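Subject: Structure handover

Hello,

Here is the structure I promised to pass on. Please open it and read the notes below alongside.

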Amino acid sequence: MIDQATPQDADRIMPLMLSAIDSIAYTLSGTRNDEETWRILADAIRQENNRLSYRNIIVDQRDGAIAGMLICYAGDEAHRLDQPIRDRLARDHGPEAAKALVPECRPGDFYLDAVAVDERYQGQGIAKALIGAFEQRGAEAGCARLSLIVEQYNDRARALYKKLGYREDGLLDVGGSSYTRMIKDI
């Protein structure tokens with residue numbers, strides 16, 4: 001069942017989020033210490049106003065578990081949503097750490113930040129259902145375009161997005177890695 005995440009879901013969301021964002025987790029936390037990264041990002045999920053907030057997370061729950069999750073928000077809100085993260089990075093790790101957090105979307109976009117499905121539930125259409133909920137939220141928010149980034153080597157994900165009507169729209173460097181930007185008009 002697709003639903004809005006809650007602050008209490010943070011620790012159950014974390015494994016899926018980490019699998020989706022990979023090394024970007026270290027950019028967001030400012031550390032390569034896995035325990036510290038978990039603590040910082042789980043705390044961000046529990047908070048109200050940042051890109052990782054539970055308010056920006058859709059979950060698919062099955063059998064009492066979170067089978068899948070998707071993080072999304074309006075591109076017009078990206079700078080505001082990144083500011084608490086940027087402030088913490090600057091305070092704890094200096095201005096260079098804060099500068100490493102780059103915008104991943106453009107104004108006017110409704111942005112799919114991350115999506116992941118627990119491997120026990122893969123092949124059941126969960127990612128497609130979560131993306132459908134994301135697209136509906138984008139339309140309801142009045143955004144003109146949907147966007148996401150995908151690792152250049154992730155042919156499987158890129159094929160899924162193309163099948164769903166997304167097209168490639170250039171490259172973006174995030175956290176030292178290159179990603180393909182994909183868009184879809186609403």
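The buried residues of H4 pack against helix H2 (24-29), helix H3 (34-46), strand S3 (65-74) and helix H5 (95-99). Contact here means heavy atoms within 4.5 Å. Helices (H or I, at least four residues) and strands (E, at least two) are DSSP runs, numbered from the N terminus.

This is a predicted model: local features need pLDDT of at least 70, side-chain atom pairs count only at pLDDT 80 or more, and totals for chains, interfaces and linings use all residues. Residues are numbered from 1 along each chain as its sequence is written, and side-chain values use heavy atoms, with hydrogens and water left out.

More on H4. Its buried residues are Ala78, Leu81, Asp82, Ile85, Arg86, Arg88 and Leu89. Buried means under 20% relative accessible area, exposed over 50%, partly exposed in between (1.4 Å probe, protein chains only). H4 covers residues 78-93; at 1.5 Å a residue, its 16 residues should span 22 Å, and the end C-alpha atoms are 21 Å apart, which agrees. The expected span is 1.5 Å times one less than the number of residues. H4 bends by about 30° at Pro84. That bend is the angle between axes fitted to the seven residues ending there and the seven starting there. After H4 comes Gly94, with a positive phi near 95°.

Now H6. In H6, Ile126, Leu130, Ile131, Ala133, Phe134, Glu135 and Gly138 are buried. Gly142 follows H6, and its phi is positive, near 80°.

Last, Pro15. Pro15 sits in helix H1 (residues 10-21). Pro15 counts as partly exposed because its relative accessibility is 45%.

Best wishes
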